[in-house]
Every structure is written in structure tokens, then in C-alpha cells.
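Please open the model in your viewer and keep the sequence panel beside it, so that each selection can be followed in both. The stops below are meant to be taken in order.

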Amino acid sequence: MLKLRLLNVVAPVYFFTATAVTFVFHFCFFLPTIFPVPDASLWASTSLHTALFLFSMFNALGNYIMTIRYPAASAGDSAVPVCSPHCSDKVDAHYLLNDRHFCKLCRKVILKRDHHCFFTGNCIGKKNMRYFIMFCIHTSCTCMYSLVLGVAFLTVEYSISFEDPLTFLTLLPLSTGYFFMGTVSGLQLFLVLMLYVWLGIGLVCAGFCCQQVLLVARGQTWCQMQRGRLQGVQSPWQNNLKDVFGTRWILGLILPVQTVETSLEEKQE
């Protein structure tokens, strides 16, 4: 449990550090190097790349904040409840009844708990599932976009060719060796390391997004899937998606805003 609590603190620090580094690389290195001449034709390209990057990063950070702002905790359960005898969760939560879990890290009862997200420091459930999915989508897009620009920067600045598919696989070990030999700068080695960080975060977030959308469409949570349990009354996948994303789901794709109408009980919570 101590390791989980430590991860609950380290993960957000890691996320914000990677975000700040990505922002600095984009505006201080990528754009000035890839588009060095401020003429009319390149100005349009630079503006487009800047707009796409800021759009993805704004939505990633916005949905990250919304995930924290709208926690999945149930305000109606103030006391620590007794664990159900059928509980199969042994690590970070106790299964109660009626799709409720008591999270040992949050110390709260979570309604329709899916999992505990260490990057946000709280649980993902009914109230913030949409924001978490959109956070994963835009974070994955930001990381993959930064990966492409990083490769373009290495090609222009250091004349590294990526025509061979093995170049990317051997880039980090070779760069590390050349760094200790004194032929590669620290900036180049750090950028190569960030390429792998962006690739890893992008793939993980994309995987999380696909998994969560599939579970939402089935009307199921990760905790329910672990217990091999479905809802008693199966709803069509369209209704399940609408319950999470709302009727204004298109607006939620471009802005980190609330798209699901909040009931009176949820407002009181």
C-alpha cells in the first residue's frame, strides 16, 4: 500500500514534467528548426502546427483537470463501510454492493468504480469516465504528434535518416553510447529519450482509450469485468455511450466541458 501511495504522488509529477518538457521542445526547438524562414508560405504551416499542438494539449490538460474536479466519490457514504463477503479485490479496493467500491487510496466510496488512476490521483467512475477517456485521446494525439515533430527535428538538425525501420529501434542505445564517447550532445540524447517517452505514453493512452470505450459500450466497468459480472439489465450500446458521453458528445471532442446533464441527486453530491 505504501508503494501505491508513493505512485499516487509521483505519477502526477511525472505527467506535468513531461507536459512542460513537451511544450518547451515544441516552441523552442521544433518550430524554429523545422520552419526557420518566416515567409508567407511557411507562416501558414507554422500556424497550423501550432494550432494543432495547442488544441491537443489544451484538451488533454482540460480533461485532466475535469477528471479531478468531478471525482467519482459517492457523497451519500460518509462512513467507512464493511467489505462484502464476496469481495475479490485484494489490492486497492473493497467491493461493497450496488456497483460501489471503497477505495483504500482515496478513502472514499466510489460509485461504479472502474479503476484508480495514479496520474490523476483519484478513482475513475461514473462521474468522470468521459473526461478520463477524452484525456487519454488527446494525450495520445499530443504524444504521437510530438513524436513526429521530434523525428523531423532530428532529421533536419542532426541529419539522422529514418528510412531504415531499425533506426528508431537502435537510436537510444547508439545515442547513449555516443554520448559517453563525447560525440553526441546532452540535448540530442535527451530528445531521443523523449521520443521513447512520447511513444510509450501515446500507446498506453490509446490502449486505455480503446479499452474504456469498449467497456462503456458494453455497460461494464473494469471492476465488473474482473469479477466476470455484467449489468442485470443489458442496454443497447448506443444508450450506454450516451449515458457517459451525453447528447452533446461532439462538443466534448473539441472542448473539455460537461456534456452530460447532471441529475438533482448528483448536484447535491
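This is a predicted model: local features need pLDDT of at least 70, side-chain atom pairs count only at pLDDT 80 or more; totals for chains, interfaces and linings use all residues.

Select Leu31, which is buried with a relative accessible area of 7%, where buried means under 20% relative accessible area, exposed over 50% and partly exposed in between, found with a 1.4 Å probe and protein chains only. Leu31 lies in helix H1, residues 2-34; helices (H or I, at least four residues) and strands (E, at least two) are DSSP runs numbered from the N terminus.

Residues are numbered from 1 along each chain as its sequence is written, and side-chain values use heavy atoms, with hydrogens and water left out.

Now colour the whole chain by secondary structure. The protein chain has nine helices and five strands, and along the sequence they follow the pattern α-α-β-β-β-β-β-α-α-α-α-α-α-α. Of the 269 residues in the protein chain, 41% are buried.

Next, select the segments that a UniProt record (an unreviewed entry) annotates as "transmembrane region", namely residues 12-35, 41-61, 131-156 and 176-199. These positions are given in the numbering used here, with feature names shortened, and such annotations may be inferred rather than shown by experiment. In residues 131-156 the end C-alpha atoms lie 37 Å apart, and the span is 100% helix and 0% strand. In residues 176-199 the end C-alpha atoms lie 18 Å apart, and this span is 83% helix and 0% strand.

Move to strand S2, residues 100-103, and show its side chains. Which residues lie on each face of S2, and are they buried or exposed? Arg100 and Phe102 are on one side and His101 and Cys103 on the other, and all are buried, so that both faces are covered. In a regular strand the side chains alternate between the two faces of the sheet. Strand S3, residues 108-111, pairs with S2 in the antiparallel sense over four bridges, where pairing requires that DSSP finds at least two bridges between the strands. His101 has Ile110 as its bridge partner in S3, and in the hairpin, which has four residues between the strands, Arg107 takes a positive phi near 60°.

Then look at the aromatic rings. A search of the whole structure finds 22 aromatic pairs, counted when ring centres of Phe, Tyr and Trp (its six-membered ring) lie within 6.5 Å, with planes under 30 degrees apart called stacked, over 60 edge-to-face and the rest tilted. One of them joins Phe132 and Phe208 edge-to-face, at 6.1 Å centre to centre and 80° between the planes. This pair links distant parts of the chain, with Phe132 in helix H3 (residues 129-158) and Phe208 in helix H5 (residues 186-217), 76 residues apart. Phe132 counts as buried at 3% relative accessibility, whereas Phe208 counts as partly exposed at 35%. Also select Phe25, Phe29, Phe30, Phe153, Tyr158, Phe190 and Trp198, which form one aromatic cluster.

Finish at helix H8, residues 249-254, and select Leu253, whose place is in this helix. Leu253 is partly exposed, with a relative accessible area of 35%.
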